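User: I would like to learn how to read a few features of a protein model. Please take me through them one at a time.

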Amino acid sequence: MAMPRSSGRQNGFCFAQPLALPRASPAPGRPFGAAAAGAGCSSALGNGIAAPGAASPSDSCAQPLCLPSPAQEEPFEEGIKYVSAEGEDLACGWGGFTPGCLQLCNTPKGVLFFLCVASFLQGMTVNGFINTVITSIERRFDLRSYQSGLIASSYDIAACVCLTFVSYFGGNGHKPRWLGWGVLLMGLGSLLFALPHFTTGRYEARSAAQLGLCGGNHSLPCSQAASSLSGYRFVFMLGQFLHGVGATPLYTLGVTYLDENVKTNYSPVYIAVFYTAAILGPAAGYLVGGMFLNIYTEIGREIDIAPENTLWVGAWWIGFLGAGAASLLISIPILGYPQRCRSQRYIVMRVSEAHQLKDGSHQKASDPDFGKTVKDLPRSVLLLLKNPTFIFLCLAGATEATLIAGMSTFGPKFLESQFSLSASEAATFFGYLVVPAGGGGTFLGGFLVNKFKLRCSGIIKLCLLCTVFSLLAIFVFFIHCPNMPMAGVTQMYDGSALPGGHLNLTGACNAQCGCLQETYSPVCGTDDIMYYSPCHAGCKRVSENLRNGKKVYHECSCIDKALLPGFGKAEAGKCTSSCVKKPLLLCFMFVVILFTFLSSIPALTATLRCVSDRQRSFALGIQWIVVRTLGGIPGPIAFGSMIDKSCLLWQDQCGEQGSCYVYQNSAMSRYTLVAGLVYKVLGTTFFIVACFLYKPPPAESAPGSSDASENGTSDLQEHKPSLPAEEDI
């Protein structure tokens with residue numbers, strides 16, 4: 001049977017794919033055929049898994065091949081066709097400036113390094129710094145919650161607007177240039193986000209040493225008119241919009257660029273490393289951003305309030321300056337990469353795993369000229385819509401994205417309420433939980449696909465298995481920790497139950513204090529009961545604990561009535577929870593996060609394989625649109641509305657309802673369980689349907705390799721031997 005003549009052959013089951021080919025080995029005895037067989041031509045198993053035995057992922061980054069002379073050239077293994085890529089400019093550099101030292105980075109590992117740095121910076125900025133400093137920005141620029149919500153949503157809006165254009169035209173263009181300009185735009189967005197700090201006057205926080213004590217000055221005028229500073233929200237929205245535009249190529253073109261420059265078996269590992277960096281970014285953003293918030297926003301200025309004070313504004317802008325400068329720097333080497341790494345000196349024909357449509361219209365995407373003009377855009381969309389495997393993988397991804405977005409937004413709040421932690425403690429705790437579970441699960445998912453040589457059908461089954469495990473583990477939300485007793489909220493000041501469940505923050509012990517409900521500053525009394533504020537506890541004097549720096553309030557009339565009335569004490573902050581269910585709850589939350597992220601890279605790999613080669617970038621773009629519009633954007637809203645139903649105590653902003661101060665833990669766990677079950681059941685259903693509807697290419701699509709391609713385990717289209725090699729392909 002005839003071998004393929006060129007990389008542009010019109011065959012619905014074959015497409016061009018660059019693979020690294022090594023130098024000729026000085027040590028004889030290791031034929032090319034053995035390497036090929038070990039790497040991708042192992043015997044197939046009927047369940048979509050090939051026997052292990054491939055070389056390590058580092059082998060895909062071999063040096064360029066040193067071609068022997070025609071007289072010395074050994075014949076290739078029968079059935080393999082390699083098309084030379086010598087005519088292309090594969091040097092790394094900027095225009096005519098291509099120094100030899102830069103070519104050391106012109107390998108898949110070099111690409112992976114710079115893309116990992118870019119994804120780390122994106123995650124740290126958008127998912128770390130933004131979530132950490134949003135409260136400080138609200139306080140500094142007099143923003144309402146819905147206005148800060150618009151700032152956060154601007155990122156997803158920009159991504160949805162640009163995804164179709166970037167993935168369609170960038171997928172058929174010079175990917176590194178699209179990536180480099182995107183990272184540069186991301187850096188400009190970060191610098192723009194920090195700009196309002198330098199264009200506004202100094203932040204003046206009035207001293208509140210006596211504010212909140214019984215009998216103190218409680219004049220807290222309400223300003224119904226919006227401050228002129230609130231207009232800066234449009235600057236923040238523009239910065240976030242640039243973040244969204246710049247990050248769009250990163251998770252579409254970046255993934256396909258990595259996939260094009262490594263072997264099929266190693267692609268999940270490279271993509272897993274890339275996404276692991278993106279997950280570690282937010283964790284670093286939480287930690288570094290929290291550290292910067294302990295520095296006063298006006299650096300070098302003395303202030304008599306502590307970070308725990310509600311008037312404190314930290315140095316929220318430092319992180320954006322650093323991330324912006326780093327993004328501008330990292331965009332320079334990315335812009336210098338060629339369309340294909342220099343180690344990719346040959347193109348090898350591979351068997352496509354794209355879903356086979358009954359009418360054969362999927363073969364249109366094999367045309368080398370397909371997708372290069374706008375007129376092909378409707379046809380490209382139609383081909384993807386006719387691919388049921390792709391559609392249900394997108395829907396499954398949307399359900400998983402809903403859970404991830406909801407848990408990342410409200411996970412710290414859940415821990416804060418269940419274990420009676422401060423906001424900073426809960427955020428740090430959640431970060432420590434997500435790093436090993438989310439980062440480890442992401443990397444492990446890619447490793448498993450490579451280890452067991454999973455083909456598309458086997459990958460979808462792995463996703464299904466992970467979703468079922470996380471579905472079972474989510475029943476842990478039946479468990480909850482009891483609320484810490486709070487006077488006037490969960491019980492009366494004398495310890496009795498609240499009549500009819502109605503709040504009553506005023507008792508006989510604080511009736512003469514004139515306390516304001518706008519001043520929420522919880523304290524923990526020596527009777528292990530929380531109070532709304534020092535004023536509501538009837539405290540008249542304040543000092544500082546020299547051991548931990550916390551404020552201690554004295555002469556609290558509502559505390560220690562059984563001992564010495566009027567001499568009770570309270571310490572700033574919430575009472576410590578001693579919930580015995582804490583280890584079990586944390587353990588199963590770890591399992592839920594682990595298996596949710598474990599399926600992310602396999603699902604992404606399945607998406608890349610179930611569509612035609614020329615549609616991969618565009619397919620990722622369409623998938624991101626579906627995931628964001630059905631999952632990422634409504635996810636926090638859905639979880640937030642469910643959790644808000646469990647609120648016991650709402651903030652009072654001059655007669656208007658603000659955020660929730662205290663949640664009922666049992667109701668919060670119950671609503672979280674309902675939301676989690678709904679989305680996990682939907683995700684499981686979508687993966688099952690995708691698995692059943694997937695139709696792999698028939699065995700005869702790969703001439704000369706019916707035994708391997710029949711079970712979908714061959715990485716090369718055909719096999720044939722014997723070129724001495726130092727490393728495997």
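User: Is Cys579 buried or exposed?

Analyst: Cys579 has a relative accessible area of 14%, so Cys579 is buried. Buried means under 20% relative accessible area, exposed over 50%, and partly exposed in between, with a 1.4 Å probe and protein chains only. This is a predicted model: local features need pLDDT of at least 70, side-chain atom pairs count only at pLDDT 80 or more, and totals for chains, interfaces and linings use all residues. Residues are numbered from 1 along each chain as its sequence is written, and side-chain values use heavy atoms, with hydrogens and water left out.

User: Which cysteine forms a disulfide with Cys579?

Analyst: First the general idea. A disulfide is a covalent bond between the sulfur atoms of two cysteines. Here a pair of cysteine sulfur atoms within 2.5 Å counts as one. Cys579 pairs with Cys481, and their sulfur atoms are 2.1 Å apart. The torsion about this S-S bond is about -85 degrees, so the disulfide is left-handed. The bond links distant parts of the chain, 98 residues apart. Cys481 sits in the loop between α12 (456-473) and β4 (523-525). Cys579 sits in the loop between β8 (568-572) and α13 (582-598). Helices (H or I, at least four residues) and strands (E, at least two) are DSSP runs, numbered from the N terminus. Cys481 is buried too, at 0% relative accessibility.

User: How many disulfides does the structure hold?

Analyst: The structure holds five. One of them joins Cys509 to Cys558, with an S to S distance of 1.9 Å. Its torsion is about 100 degrees, so this disulfide is right-handed. Cys509 lies in the loop between α12 and β4, and Cys558 in the loop between β7 (551-556) and β8, so the bond ties together parts 49 residues apart in sequence. Both Cys509 and Cys558 are buried.

User: Where do Cys515 and Cys535 lie in the chain?

Analyst: Cys515 is in the loop between α12 and β4, and Cys535 is in the loop between β5 (530-531) and β6 (541-544). They are 20 residues apart. Cys515 and Cys535 form a disulfide with sulfur atoms 1.9 Å apart. The torsion of about -90 degrees makes it left-handed. Cys515 is partly exposed, with a relative accessible area of 23%. Cys535 counts as buried at 2%.

User: Now helix packing. At what angle do α10 and α16 pack?

Analyst: Two packed helices are described by the angle between their axes and the distance between the axes. Axes are lines fitted to C-alpha atoms, for helices over the stretch in contact, and angles run from 0 to 180 degrees between N-to-C directions. Helix α10 (residues 388-418) and helix α16 (residues 634-644) pack at about 55 degrees, with axes 7 Å apart. The two are therefore oblique to each other. Under 35 degrees counts as roughly parallel, over 145 as roughly antiparallel, 65 to 115 as roughly perpendicular and the rest as oblique.

User: Which residues of α10 and α16 meet?

Analyst: Contact means heavy atoms within 4.5 Å. Thr402, Leu403, Ala405, Gly406, Met407, Thr409 and Phe410 in α10 meet Gly635, Pro636, Phe639, Gly640 and Ile643 in α16. The residues of this contact divide into seven nonpolar, five polar and no charged. Ala, Val, Leu, Ile, Met, Phe, Trp, Tyr, Cys and Pro count as nonpolar, Asp, Glu, Lys and Arg as charged, and the others, Gly among them, as polar.
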